[in-house]
Amino acid sequence: MTETILAVRDIWKRFGGQPAVAGVTLDVERGEKLGIIGPNGSGKTTLINCITGVLKPDQGTVTFEGADISALPAYRRARRGIARSFQIPRPFVGITVAQNVMVPLDYVDDVDNPVARTRELLKLVGLESRADHPAESLTHLELRKLELARALAAEPRLLIADEVMAGLSETEIDEVLATLFALNDRGVTVIMIEHIMHAIMRFSQRLVCMETGRIIADGTPHDVGKDPEVRRVYFGEQASH
Amino acid sequence: MKDKRFLIVAVLILVAGAFLPHVVKNAYVFYAGFVTLQYIVISTGWNILGGYGGYVNFGSGAFVGLGTYAAVFLFNAIAAPLWLQILGAAVVGGLLGLAVGYLTLRIQGVYFSIATLALTVVLNTVIVNWPFVGAARGATVLAPPQHGWFPTIVTYVFFAMLVLAVLSIALARWIERSWIGRGLAALRADEKAAESAGVPTLKLKLATAAISGALMAMAGAPYPYYASYVEPTAAFSITYALNALAMPLIGGTRSWVGPLIGAILLSGIEQAATVTIPSEVNLLIVGFVLIGFVVAAPDGLLRLFGRRSAPGRRA
């Protein structure tokens, strides 16, 4: 039995003239592992911003767990169970790594023992030794891990991972993938945006390819990978010949 | 445990403050002490929005002046006692703070600061044209001669300010250590990421701006009794804006201790300058001190020393 957790209907978003997202309609099932690929500037992150409430779409609706959340501000969507990581890490500088993770625990879900939960989360992403360091002292890699820990903190039901693996080594990619798989096993729906093809191919049950703000392919990773249109836009003109 | 110790120290200070007028007979102690305590309230109040939230309010003069004139108004209108004057100042200061909080919706950074600076000019102009509170001539406020336990009016307002200082520090300390403080730190660093982590940034900014505004206005409320004469230029002085900014910066903006140290230091320097050299030089000295601190300790004194005492932290 499948249940739609997220329903995106005819989303449009323009910055000036050219639409960044041009009429995207997308359904995500509960427990699904959905990958979104597409060249730079194809509107993936803009779509995510419209889903999470960081941006207000010009048109279209977003429904999460049966409720229309189109009018809700980002923090209310987060409280309903949508978490995201940002493509470019956005740490809360000026406070420690542990305190960074505690912010969503404070505001989204009222956990009994936030200190223990924070330790557990930092251990999960391998940052436990950095818990008391200020966030600004982290390396780029550690910032990505922090971004993930913060997104996972409040036990979201939908996690949107926007290029969490960029710049990671193969071993680290495996670690992050294992974390996401484990999360998904616990019932969390995961939307992954990624440029690292082998990772997203391995992770996704279903793959969507975007180009100039539209969805041009939607299917199993195998089928989408073979789609001539996808090959043309994603791997360049020469790849299709 | 730490909370308990803080509470004990706070109560001891209040008790000591209540008995001080019967031990120390030198009136200057209370005149100078009032100013120091007023600076502590302003500095602590400013830091809740400016330091924790990262919104640099340049309109402290507007809040302090508003508090002062709320007291004058209530005194003239209904001969309100001091506590009611302070309460009234807190209410209007909180409302003005809310308005300032809404400003953050549209403008950030230096534009926010300029808008808050303009607020001082606007309020000053309103008071200058309002005869009921004395207009440009100023208002004479003569406190009733009896102050119960306290021998003089100055010792009375000194104690009132001491209570406000202890309350504001306790409030700042609580905010800093609670979920509010972490939410403010998050929005100071990155409002979008904070929203995505579930922080209601607008509500938090509104609440913080209101608290900050209420505290700064309360700092101005006992002034009419203290000076017995109020005029708009002094009440809305730009010096308040400068000092409110300088004190937390000198001490450090991330902890309640910073504004406290900054206020004691700055008022100390000012008092020393007032009794030794012509008072016009005060502002110049404050300016030099601020420049010196910005150069030598850009993160405030706390960070300067904190770096050495906390080896776990990386600079």
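Two strands pair if DSSP finds at least two bridges between them. Helices (H or I, at least four residues) and strands (E, at least two) are DSSP runs, numbered from the N terminus. The model is predicted: local features need pLDDT of at least 70, side-chain atom pairs count only at pLDDT 80 or more, and totals for chains, interfaces and linings use all residues. Residues are numbered from 1 along each chain as its sequence is written, and chains are lettered from A and ligands numbered from 1 in the order in which they are written.

**Exercise 1. Describe how β9 and β10 of chain A pair, and what lies between them.**

Step 1. β9(A) covers residues 206-211 and β10(A) covers residues 214-219; their pairing is antiparallel, over five bridges.

Step 2. A:V208 has A:D218 of β10(A) as its bridge partner.

Step 3. The two strands form a hairpin with two residues between them. In the turn, A:T212 has a positive phi of about 40 degrees.

**Exercise 2. Give the strand order of the open four-stranded sheet in chain A and find its edges.**

Step 1. The order is β2-β1-β4-β5, with antiparallel pairing. Strands of a sheet pair through backbone hydrogen bonds, either parallel or antiparallel.

Step 2. β2 (19-29) and β5 (67-68) of chain A each pair on one side only, and are the edge strands.

Step 3. β4(A), residues 59-64, pairs with β5(A) over two bridges in the antiparallel sense. A:F64 stands opposite A:A67 of β5(A).

**Exercise 3. Decide whether A:I5 is buried or exposed, and list what A:I5 touches.**

Step 1. A:I5 belongs to strand β1(A), residues 4-14.

Step 2. A residue is buried if 20 or more other C-beta atoms lie within 10 Å of its own, exposed if 12 or fewer, and partly exposed in between, with C-beta atoms placed from the backbone. A:I5 has 21 other C-beta atoms within 10 Å, and is therefore buried.

Step 3. Contact means that the C-beta atoms of two residues, placed from the backbone, lie within 7 Å. Leaving out residues up to four places away in sequence, A:I5 touches A:V28, A:E29, A:R30, A:F64, A:E65, A:R157, A:L158 and A:T189.

**Exercise 4. Locate A:E155 and B:S228, and state the phi and exposure of each.**

Step 1. Most residues other than glycine have a negative phi. A:E155 has a positive phi near 50 degrees, and B:S228 has a positive phi of about 60 degrees.

Step 2. A:E155 sits in the loop between α5 (140-153) and β7 (158-162) of chain A. B:S228 sits in the loop between α10 (223-227) and β2 (229-230) of chain B.

Step 3. A:E155 is partly exposed, with 17 other C-beta atoms within 10 Å. B:S228 is partly exposed, with 14 such atoms within 10 Å.

**Exercise 5. Work out how α2 and α12 of chain B are oriented and which residues join them.**

Step 1. Axes are lines fitted to C-alpha atoms, for helices over the stretch in contact, and angles run from 0 to 180 degrees between N-to-C directions. The axes of α2(B), residues 27-52, and α12(B), residues 238-251, come within 8 Å and cross at roughly 75 degrees.

Step 2. Angles under 35 degrees count as roughly parallel, over 145 as roughly antiparallel, 65 to 115 as roughly perpendicular and the rest as oblique. α2(B) and α12(B) are therefore roughly perpendicular to each other.

Step 3. α2(B) brings B:Y39, B:I42, B:S43, B:W46, B:N47, B:G50 and B:G51 to the contact, while α12(B) brings B:Y240, B:N243, B:A244, B:M247 and B:P248.

Step 4. Ala, Val, Leu, Ile, Met, Phe, Trp, Tyr, Cys and Pro count as nonpolar, Asp, Glu, Lys and Arg as charged, and the others, Gly among them, as polar. On that basis this contact has seven nonpolar, five polar and no charged residues.

**Exercise 6. Characterise the side of chain B that touches chain A.**

Step 1. In the contact, 20 residues of chain B meet 28 residues of chain A.

Step 2. α7 (179-189) and α8 (191-196) of chain B each supply at least two residues of this side. α7(B) gives the most, with seven residues.

Step 3. By class, the side of chain B divides into eight nonpolar, four polar and eight charged residues.
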